[in-house]
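User: I have a model open here and would like to go through it with you piece by piece. Could you take my questions as they come?

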Amino acid sequence: MILKLNVKLLRLAGMLDCQYTWYPILVYSLYIPVMMSQLYALYQYWGNMDATIENIVLMLCYTLCFGQAAFCLFHRQDIQRIVNYIENKPAQDILKKAKVTSDKMGWFLIIISNAVVISWTMTPLISYYTQTAERKIERDPNEPFPYFCIMMVLPFDVTYSPVYELIYLLQVFIQAMATIYNMAVSAFMVSTIMHTAAYFTALASSFNKLGNADYLMLECDTNIEEESMKYVTKSEISDKIEVIENPEIYLDRCIREHQDIL
């Protein structure tokens, strides 16, 4: 399978071959309350410049991840059509090189994304259990609770167990889904671009074969009619002859291939 890594990520994100309709509904039903609490935190700590900037950046990141995921969920049939087109293409050397490159970039994206998210997510939790003395100090009303990975303001006290752990688990889930959405969409876009570029390169090679007089030979038998002329490639005369029986049909096939890629 050419897009094996991408298909796995898309299925994990629920964007491809998702058999559970409740899966994306559950994710977004949990994300919306988190987003509302972020908006309330933005209003609550508006006078705190550091907290405001941090909250705005996180809100933009989550909006981008869940927004592009929603777009892909509504256009999952188009994604499936692109995957089928790439999978059904005949294997060529240039396509194999594109697969290797896209897989390397996909794994690099997965490793970097997971490393950043895990460190970002675990740091507040570790601090919560290690900084017991600091937790007892009364905070300024304009200072957010520092032991969450997502800045939130809720109508109840979340600083004690097990409420803290439950809210933190919700934040970890939202963070994980945002990361999965970002990895799935980004890796799929990179693979699509790489394979599209490879298809155009192969198509350009086909056009060059047709237009290069040094590469093509006109094999004409005086005993046959002009319509029966055949074009053969020099490089393959010794092994097998690749016959282009009709240059117009060959050109038409190249044009159709170009339209399919577009």
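Predicted model: local features only at pLDDT ≥ 70, side-chain atom pairs only at ≥ 80, totals over all residues.

User: Where is Pro146 found, and how far is its C-alpha from that of Pro124?
Analyst: Pro146 is found in the loop between helix 6 (132-136) and helix 7. Its C-alpha is separated by 7.2 Å from that of Pro124, although the two residues are 22 apart along the chain.

User: Which peptide bond is cis?
Analyst: The bond from Ser161 to Pro162 is cis, with omega near 0°, and Pro162 lies in the loop between helix 6 and helix 7.

User: Let's step back, what does the whole chain contain in helices and strands?
Analyst: The protein chain has 8 helices and 3 strands, and along the sequence they follow the pattern α-α-α-α-α-α-α-β-β-β-α. Of its 262 residues, 35% count as buried.

User: How many residues does helix 3 have, and what is its reach?
Analyst: Helix 3 covers residues 49-74, which is 26 residues, and from its first C-alpha to its last it reaches 37 Å, close to the 38 Å expected at 1.5 Å a residue. Its buried residues include Asn55, Leu58, Met59, Tyr62, Cys65, Phe66 and Ala69.

User: Which residue caps the N-terminal end of helix 3?
Analyst: Asn48 caps that end, with a side-chain oxygen 3.3 Å from the backbone nitrogen of Asp50. Asn48 itself is placed in the loop between helix 2 (22-44) and helix 3, and its side chain also reaches the backbone oxygen of Asn142 at 3.1 Å.

User: And is Asn48 buried or exposed?
Analyst: Asn48 is buried, because its relative accessible area is 11% and the cut-off for buried is under 20%.

User: What about helix 2, how many residues does it have?
Analyst: Helix 2 has 23 residues and reaches 33 Å between its first and last C-alpha, close to the 33 Å expected at 1.5 Å a residue. Among its buried residues are Tyr23, Pro24, Tyr28, Tyr31 and Gln38.

User: Which residues does UniProt list as "transmembrane region"?
Analyst: The unreviewed UniProt entry lists residues 21-43, 55-74, 105-125, 145-168 and 180-200 under that name. In the model, residues 21-43 are 96% helix and 0% strand, with end C-alpha atoms 34 Å apart, while residues 55-74 are 100% helix and 0% strand, with end C-alpha atoms 28 Å apart.

User: Changing topic, how much space lies in the largest pocket?
Analyst: About 350 Å³ of space lies in the largest pocket. It is lined by 14 residues, and the closest to its centre are Cys61, Val116, Val117, Gln175 and Thr179. The elements giving two or more residues to the lining are helix 3, helix 5 (93-130) and helix 7 (163-211).

User: What classes of residue does that lining have?
Analyst: The lining has 10 nonpolar and 4 polar residues, with no charged residues.

User: Last one, what does the side chain of Lys99 join by a polar contact?
Analyst: Lys99, which is found in helix 5, has a side chain joined to that of Asp103 by a polar contact of 2.8 Å. Lys99 counts as partly exposed at 25% relative accessibility.

Notes:
Residues numbered from 1 in each chain as written. Heavy atoms only, no water. Helix = DSSP H or I, 4+ residues; strand = E, 2+ residues; numbered from the N terminus. Expected span 1.5 Å × (residues − 1). Buried < 20%, exposed > 50% of the residue type's maximum accessible area, 1.4 Å probe, protein only. Polar contact = N/O pair within 3.5 Å; in protein donor to acceptor, adjacent residues only side chain to side chain. UniProt positions renumbered as here; feature names shortened; annotations may be inferred. 1 Å grid on protein atoms, 1.4 Å probe; cavity = no way out; pocket = protein on both sides within 12 Å on 5 of 7 lines; lining within 4 Å. Points joined across faces, edges and corners; volume = space filled by probe spheres on them. Nonpolar A, V, L, I, M, F, W, Y, C, P; charged D, E, K, R; others polar.
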